[in-house]
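Work through the exercises below with the model open. Try each task before you read its solution.

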Amino acid sequence: MVRPTDLRRRSRFVQALAFSHSSDTSPTVRRAMTMSVYFLTWLLLTVLAPLWIPVTFVVGLFRRRSFIILRLLAFFWTFLLIEGMGLFAAGIIHLITLGNSERRETLMFGLECWWGSTIFRWLCRYLSLSTSIEGDEQILPGPLLVFIRHASIIDTAVPVSFISKTRGLRLRYVFKRELLVDPCIDVAGHASPNYFIDRAGLPAEELAGIRGLAENLGEQGVLLYPEGTRFTKRKQEIALKRLSKRHPELARTAASFRHCLPPKLGGVMTLLDAAPDTDVLIVAHRGLEGLAEVTDLLSGAVVGKNVHVSFWRIKAEDIPSGDARRQWLFDLWKRVDDFV
């Protein structure tokens, strides 16, 4: 039986192998490494399928946890296959759009919508998830600043599936650099105006990169995860201690959160300052909490859940200016926490 601690160690190893903290590894070398790891893993799972399918089925009969190991391995195999198909399509797009960056970006946007929505659709199938959406009529028109709750490892597929795929709104993402471990995000993410933030980098440089996304938005949107990372009780305790030292007036509001981390001010305030006349779209969701950690996944608690996504649009003229924005943001995130 594979233990959760072993899975975490392997995950860290793959991340270290994949981007070697990126600044020391060229994109070509990094992609060659990640693509190789993904392909070899898919090939290994395919070859060993006659073994792991019956074994995990039997294990599921005894564990009585909705056959979660079998479901996860089947989804992982499908995910890797989708990655391979996406990379092949990206290669074709690069070949047929040489010298035409505008057409390349358009085709890459279509590929992004297919990739994210397909992954989410198969995840729902394997884990028997249902979805319910409210407020999606508020998504258009752009431009928009999109702030979304961060609760799980599949969060990146939510805006692609329910904003870009269904409504056609192009988004510029603030990604964490660790996501460069995913070759599809790496390749497609660098074909559009996205920013991969280095959480260990210089704050001024990283905020400048975020600010650049809000320039010449047109009808597009910028998406940011204000919490910066997935919620855990431990992370919440650390965040509250830091907040109490820097902004004690905000800590009182954040202490009432039960499901969300306090939003980090830097990225949000930077975008609001850079695009003062742009509406804000809040994406609140619940039901994906069981996909936050490996131990959560293996418990099988996520199987059969309903994923409820709600969109709230705030007009630019209703957003306060100056220091009042901080309390406005925390009050808004309190509403997100209450929704969860």
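**Exercise 1. The sheet**

In which sense do β1 and strand β7 pair, and over how many bridges?

Solution. This is a predicted model: local features need pLDDT of at least 70, side-chain atom pairs count only at pLDDT 80 or more, and totals for chains, interfaces and linings use all residues. Residues are numbered from 1 along each chain as its sequence is written, and side-chain values use heavy atoms, with hydrogens and water left out.

Step 1. Find β7 at residues 306-314. Strands are DSSP runs of E with at least two residues, helices are runs of H or I with at least four, and both are numbered from the N terminus.

Step 2. Read the pairing. β1 and β7 run in the parallel sense over five bridges. Two strands pair if DSSP finds at least two bridges between them.

Step 3. Check one bridge. E134 has S310 of β7 as its partner.

Step 4. Seven strands form an open sheet with mixed pairing, in the order β1-β7-β6-β2-β5-β3-β4. Its edge strands are β1 (130-134) and β4 (195-197), each pairing on one side only.

**Exercise 2. The largest cavity**

State the volume of the largest cavity and describe its lining.

Solution. Step 1. Apply the definition. On a 1 Å grid over the protein atoms alone, a cavity is a set of points where a 1.4 Å probe fits but cannot get out; lining residues have an atom within 4 Å of a point.

Step 1. Search the whole structure. Two cavities of 30 Å³ or more turn up. The largest has a volume of about 200 Å³. Of its 16 lining residues, E112, W115, C184, I185 and A188 are the closest to the centre.

Step 2. Assign the lining. α4 (68-96), α5 (101-127), β3 (171-176) and α7 (183-189) each supply at least two residues. α7 gives the most, with five.

Step 3. The lining has 11 nonpolar residues, four polar and one charged.

**Exercise 3. The second largest cavity**

Which element gives the most to the lining of the second largest cavity?

Solution. Step 1. Note the volume, about 80 Å³.

Step 1. List the lining: E105, F109, E112, R170, L171, R172, S192, P193, N194 and Q220. The elements that give two or more residues are α5 and β3.

Step 2. Pick the main contributor. α5 gives the most, with three residues.

Step 3. Sort again. This lining has three nonpolar residues, three polar and four charged.

Conventions. On a 1 Å grid over the protein atoms alone, a cavity is a set of points where a 1.4 Å probe fits but cannot get out, and a pocket is an open set with protein on both sides within 12 Å along at least five of seven lines; lining residues have an atom within 4 Å of a point. Grid points are joined across faces, edges and corners, and a volume is the space filled by probe spheres set on the points. Ala, Val, Leu, Ile, Met, Phe, Trp, Tyr, Cys and Pro count as nonpolar, Asp, Glu, Lys and Arg as charged, and the others, Gly among them, as polar.
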